Every structure is written in structure tokens, then in C-alpha cells.
Amino acid sequence: MARVTIDGRPYEVPDGGSVLGAVRAARVRLPTLCHDPRLAPSGVCRLCLVRIAGVARAVTACTTPLADGMDIVTASPELAAARRGILRMLAARRRSRAALIDESHPYIRVDMSRCVDCYRCVQICDEVQGQFVWHVRGRGLDTRIEPDGASLRESACVSCGACVDTCPTGALEDRLGAAHGAPDTWTRTVCPYCGVGCELDAGTRDGRLVAVRPVIDSPVSRGHLCVKGRYAFDFVAAGDRVTEPMVRGRGAWRTVTWDEAYAVVAARLGDVIRRHGADAAAVLTSARATNEDNYVAQKFARAVLGTHNVDCCARVCHAPSAAALRRVVGAGLATGSFDDIERAATLLVCGANPTESHPVVGARIKQAARRGARLIVIDPRRIELAAYADLHLAVRPGTNVALLNAMAHVVLAEGLGDRAFLAARTSGLEEFRRFLDAWPPSRAAEICGVDAASIRRAAVLYATGAPATSVHGLGVTEHVQGTDGVAALINLALLTGNIGRPGSGVNPLRGQNNVQGAAHMGCDPGVLAGSVPVDQGRVAFERQWGVALPSAHGRTLPQMLDGAIDGSVRALWIMGYDVLLSNPDAAATAQALAALDVVVVQDLFLTETARDYASVFLPACSSFEKDGTFMNAERRVQRVRAALAPRGGSKADWQIVCEAARAMGAGGFDYAGPEAIWDEVRALCAGARGMTYARLDRGGLQWPCPSLDHPGTATLHAETFARGPRAVLEPVPYRESSQTPSTEYPFQLITGRTLYQFNAGTMTGRTRNADLRPADLLDISPDDAARVGVGEGDAVRVISRHGTAVLGAHVDATVAPGQLFATFHQPAVRLNAVTGEGRDPVTGTPEYKVTAVRLEHA
């Protein structure tokens, strides 16, 4: 602490900061215009002028380092006169400006006649988002701030809203807020989109969500949001939101009471179980629902229906990450934290496009690279981060394992491994070395399309740049070698000692807001809450629930659909998941859903699955309308808080499941609320024992947190692995995908997300994000476009062995010749009619990332 005097009074304040920080810590008012705690201090506005004893002239408090013993004066006639002069100058400049209004952007209104040249918009776009949209033009009285395009809509803006958030005058403002009025209440909660878990303040007025702003002190998002988190919230009030239960009879929906709906559900599920047995029923839970929702849903499956047939959409995305991490190090969780991005000397981004799919983490990676961290990008496309990378390896789709094996070969062949770590904490090294002898870069180069010299350079960069951390996405997991690909990444980390240390690790970028939590709450046929294998947790859970757990193994999502086709599964309860639109091989998915006797859909909207196949529809409320917790990709459990009352007759997912369980005569579902559910999780799961709601209300905690005095775990496996003292280096043979190009199907299609839309478009498709990305597109290289005669915007039919889809073409040089990229957010396109039946043999995760196709003019 530093001892200072401020305006004649002594204070003790934190040392190491600025004079402005000390003044604010002492709760002394000092005006600023250009200051924002997220930005480097600039002193441009000069409103924070102070006098310091021994200094000849007034100085800006924001740029002056604090020193012990300082005597600071913030208020005097001289300082007041200086501030008045600054404000007069700003006011005069504002009056002299012509109106500079730009309303081209659907979310942001620009009126530069209100600008005071504080440059905060320029700084935050550069220093936080890294987009460099705003530029200072001219000098002196002719200074102006402009975007890099003819308008903001035509610029490089990614619509994160950071410039609006920092603007002190309204020169940049949210159009949604202006349309609905300023919020009168703010509620801190968590974003409902990707697995980053950004915290946000939800602003409400007259029972409507009207604005969202970032939480400055959030440890995850650090006062930043992306376009989805900040602006894509109007789905909550969408006109087609279903808010009353419905039952389908004779081909038509009819609205019913909740009691009637529960009676129908209980009767139909009971009938299926009586006629075909408990394992003829199955439950799919939701990565968009809370931990509490998911916990009671898997409890319902096991304790009420009597089956382990429970799964969630982690199955189709990061189940391979969990499987590989659990197998090698003993815990199917990210080994590190997002803060390792700033701690790492080297960053490896493999099969992920964070600036589009996880934008706040993507921005942090971009800024780390700008500050000098080494960056290696492994991706078939030249994604945005490739421009900041020391090395981009444009690997052929489906060949990750070959590439990563060759990198491991270089590490061992050139003596770059961490010998002390290998000796103390791994086993199987010599067998692994013999396996890798067959994987020199020259061999991998022929398979993966990356030259041997680049493979070697990537290995050297990673191995010699400790600490090194890797983040990976669905470009690793959504392959027939998904689990193997993650295991190969873990091998690299083990060889180089890059696990269990700050700045290191193997970290899956989870796709949805609570996909980590859903799986971790036991929404997986093989594990119970806490990711405890069924046989290991059986006694404790039976004691807590007061029922015997099923003895038969449960089915994964793909196995459930297989069972529907062969008649062994007859009923499916689907919570917050549009299976028909999301699953691969849409024709087979439709066949499975049509074969079921009972389909219960629990969602906000009549999804494609519900519209075509549901027997009963149960209206759930959004995360803005309920309490609970989410677990993000770095294992952080954070509080979700209701900002609105449930819309119409909709209910929280946990409440619906509990009431249905009671309607079926089950006990153990009389919870007072989500906190009571979470306390049951804490009683059963050692990793959650220290995570009371009271503690979570003060900020999120990282799993595991085994006691009330435990701070949470930022880095896993620091001293030992969850599986024991040593991790085994596993040889990972390469297997070629069946989706290789041929004369009939000469292209390889990759599917993925875009910045402005999210998964099945259930939420973003009902917001003005649709103005920013109105349709799914097929990206094609300029060479291929010229060769097949396709121009920008042309309608193209994509044909695979499984089906067809029609999209508009986008000629894009980031796509390699012979490859195509398409997004899957638009129900009308149904891109998954094209994707096939290939699955990872360990987890059943589909092969979304490579499909052999041909093109025709539509």
C-alpha cells in the first residue's frame, strides 16, 4: 500500500498504479473524458489535471505513476479554471461541426457532431478488439474520426459495440436502446451463446430486455462482448415465441394447460416403458440450459424413466475432447484457463476460428500475438488469426493426426522435449518414440499438404517457446479421428512439459454457453454428475436419490437415432436442441424421428424438429428469465440471474422436468429452486463442494473447488494427473477419411460457424444479426470458381453421396483450391442434408468437417 495525501487528507491506497487510480480508490471525484480502465491511459482530454507537491506544473492524473508519499491536489481555483477552459474549447468545436450522421449499421448509430476527440473509440477498437476500424484524420481544428469504409456498415467493423460502450458523449450509441428507452434496471448474468462465458449486464425497462453492456470486472471477458452477446437478444421477445404448452392430435397443434401436457407426457412415456421397457425411452438435454436444468434432466432419465439413455449436444462437438483428456490425463476438462493466453509465450490454435466462433477469446489471442507471443495456426482455411501468425499450416481436412504426429517426431528427433518432465510425469516414451520413427515430416507432408519444412518449424516454435498453450475447436473433434486428434495434441503438450503449468495446457474451445456444464452434470450415458463413471458413482447417487440406478449401459445420441430406426427406441424427450437441423445426414435423422412413437420437445420456439415430428411441445423460458449457473470452457461456474419474468406461461427447464417427474409419481423432485438443485450437486460432487451460490454471487469459481476456503483451480494437473502420477504417451495411428475427393465428388466441404449467426439460428435468426449475415453461403476459391463457372452470389447446388443443398456462392481467397466452406445456420438451406454418416469410433461424434461433394448450377 502507498501512503498519500489527497486534498489535505491522508489515505492508504494500492500502490503500483496511477495517480488517478489512487484518487478513485480514495473515492475522491475527479472528472475524465478519455479514461477507460480497459485502455492504456492517454491524457488526451486533460480534465484529470492535478497538482503534485514538488512538480512545477499540473499533470494528468491518468498518465502519472503513483509514488509513496505524494501530496496530491485535485481541486483548486487554478485547476477548476483549466477544466472550464477545456470544456469551453470542446463545446465551441462541437457547435462548429456539421452533423455527421451515419445510420447504415443495424445496431450502431453514428453522430460525429457529438464527438469530443477523446479517441476512446479508436483505442478500444485497436487495443481490445484489434479491428482498427476507427481512424483519426486531419489535424488541429480539422481533426475528425472516421471508420475505414464509406460507412460503418461497409467498414471492417465486427459489431462488438466496444466503441459504443466507451463513447462518453453519444457520438456512438446503440440503436436498440434509443428505440426502446434507457434501461431502468441492470442485472448481471452470463451470455447465452458460445462457451467463452462472457458476463454481461442485461438492461430492462417495462418488462422488456432493451440493452446489454459488458461487465468491466469480469475475469473472462474483461469488459468486452461480441456482436451476439451485446446485440442479439431480441429473440427473447420474438413474435413466434411459444409460451403455452401444446399437444399435437390428428396432425394439428392445440394449446393445453400445463397439467394436461404433463398428463399426456406421463401417459405416453409410461405406455412406451410398459410395452417396450425403460431403455425404449431416451432424453436429450441442452447445452443452452443451466447446470441445474441439466442435472435434473439426467436425474429424470435415470431415476424416473429408469434408463441411462441420456445425452446432450456435446456428443456432436467436443465429446472427443472429453474422451481423450479423460483417457490420457484423467479429467475431460480444459487443463488451463483463458488467462493462459496472456501468460503463454507460444499459442497453438488448431482447428478453431476463434475470432468468429469465440470472438472475445479470439480478440485476446490476437492481442497476445500483437504483443509478441508466437502464434501457430493449423487450419485448412486462412482464417483471420493466420494474418497474425508466425506460421499458418493449411492442413488438408481430416489429416490433423498425421501433421501432429510429425510435429511430435521433430520434438523427439531433435531433442526438444522437456526431459525432466518426461522422466517424472510420463510413461511409454520409448514405445512412443519407436512409433514416431515412422512419422518424419516428409511422410506427413504428402498426406496433409503442408511442406515438411513448415511442419518442422511449427514443432520447433512450439517446443522452444515455453510456456506454450493450445486451443482447439471442432476442426479437430468433428472427424472420424476426433478423439485421436485431441490425443495427438495432448502428446505434444506432454513431450514439451506444457501441461500443469501457468501459460500452458490443452484447452478445447467449447461451442455453446453450457456445453461443458451439460456434459459435466451427467448428461452422458456413461457418467453421472461430476463426470463420475456410472459404476464408480452408483452407490453415492443411489443413496442420494433413493432409487436403484439402471444396470444396462445407455445410448449416445447417434445410438438413440439408430435405435429409433431399428425400433428399440420408441420415445425421445428433446430439451433445447434442434436435432433435425443440427445432426448430420438429415435424411437418416428424419427417418429416425418419424419412427418414434413419442417426441417431446422442450424449447423456446417451434424448431424444425418440433414442427415436423413433436407429439408434445413444452415452452421453456430463456436464460434471461431464470436463475442458475453455467460452466464455461475454462471450467468456470458462473451465476445466471433472471432479468425478466418468464414470458407468458413458459417455465424454467428444471421446473418443467420436476413437474413432469411428479406427474409420473416420482419423489425427489420437490426443489425449492435452482439453488437447492445446485446444493444437491455439491453434495454429490467433490469438485463443487466449495461453490455455494453465496460464493458464486461474488464471482465465478473454476472447477474443481473442493472446499469453502478453496479459490478454485486455474491450472489442472499441477502436481499430479487426475488419473495418477503419470500420463501415458499414446501412439496415434493415422486413418484416412472415406470422404476423400474423387472424380465424381472432387471437392471437400467443411462446415462451420460465422460470426453473426449461431448454430441452428434459433436465437440469432430472430435478431437483426440476420441483416449482417442474411443467408448461409458457400465459400469457394477464386481458381475453383473460375474453373466451374461460378460467380459471386450464384445459386449453387452442393451434392454429396447423402443429399443436396442449395446456397449462394461467395468467392473467397481464404479457401484453398479443392475445398469449400459453408455455414449451417439457415433452416431453409438444411446444409446437413449433405453431411454424412461418418463417426468418431470412440465417441460417435459426426464427421462434419469433411464431406466429398460436387457442384452444379442451381
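**Entry 1: domains**

Domain bounds, as I use them here, come from an automatic or database domain assignment. For this chain the assignment gives domain 1 (2–92), domain 2 (98–237), domain 3 (246–317 + 523–702), domain 4 (319–508) and domain 5 (747–857). I note that this is a predicted model, in which local features need pLDDT of at least 70 and side-chain atom pairs count only at pLDDT 80 or more, while totals for chains, interfaces and linings use all residues. I number residues from 1 along each chain as its sequence is written, and side-chain values use heavy atoms, with hydrogens and water left out.

**Entry 2: where domain 3 meets domain 5**

I looked up the centres of domain 3 and domain 5, taken over C-alpha atoms, and they are separated by 30 Å. To their contact (heavy atoms within 4.5 Å), domain 3 brings 18 residues and domain 5 brings 19 residues. The size of an interface is often given as the accessible area lost when the parts come together. Here the buried area, which is the accessible area (1.4 Å probe) that two parts lose on being put together, summed over both, is about 1,700 Å² for domain 3 and domain 5, with 55% of it on carbon and sulfur atoms.

I then looked for salt bridges, each a side-chain nitrogen of Lys or Arg within 4 Å of a carboxyl oxygen of Asp or Glu. The rule finds three of them across the interface of domain 3 and domain 5. I also looked up a salt bridge between the side chains of R839 and D562, at 2.9 Å from N to O. Polar contacts are pairs of N or O atoms within 3.5 Å; within protein, one must be able to donate a hydrogen and the other to accept it, and residues adjacent in sequence count only if both atoms are side-chain atoms. Across this same interface of domain 3 and domain 5, eleven residue pairs are in polar contact, both residues being at pLDDT 80 or more.

Helices (H or I, at least four residues) and strands (E, at least two) are DSSP runs, numbered from the N terminus. On the side of domain 3 that touches domain 5, at least two residues come from each of α22 (557–566), α23 (579–582) and α25 (608–613), and α23 gives the most, with three residues. I sorted the residues of that side into eight nonpolar, three polar and seven charged, where Ala, Val, Leu, Ile, Met, Phe, Trp, Tyr, Cys and Pro count as nonpolar, Asp, Glu, Lys and Arg as charged, and the others, Gly among them, as polar.

**Entry 3: salt bridges elsewhere**

Side chains of opposite charge can pair when their charged atoms come close. The structure holds 56 salt bridges, and I followed some of them. D165 and R38 meet through their side chains at 2.8 Å, N to O. Because D165 lies in helix α4 (residues 162–166) and R38 in the loop between α1 (19–25) and β3 (49–52), the pair ties together parts that are 127 residues apart in sequence. For accessibility I call a residue buried under 20% relative accessible area, exposed over 50%, and partly exposed in between (1.4 Å probe, protein chains only). D165 is partly exposed because its relative accessibility is 24%, whereas R38, at 17%, is buried.

E680 forms a salt bridge with K299, with the closest N and O atoms 3.1 Å apart. This pair also links distant parts of the chain, E680 being in helix α27 (residues 674–684) and K299 in helix α8 (residues 291–305), 381 residues apart. E680 counts as buried at 11% relative accessibility, and K299 is buried at 2%.

E542 is partly exposed, with a relative accessible area of 23%. Salt bridges that share partners also join D36, R38, R120, D165, D174 and R230 into one network.

**Entry 4: T285**

I found T285 in strand β16 (residues 281–285), and it counts as buried because its relative accessibility is 0%. The side chain of T285 makes a polar contact with the side chain of N294 at 2.8 Å. Leaving aside neighbours within four places in sequence, T285 touches several residues, including A297, V310, M575 and Y577.

**Entry 5: backbone details**

I looked up two cis peptide bonds: A466 to P467, with omega near -5°, and W703 to P704, also with omega near -5°. P467 is in the loop between α17 (452–464) and β22 (468–472).
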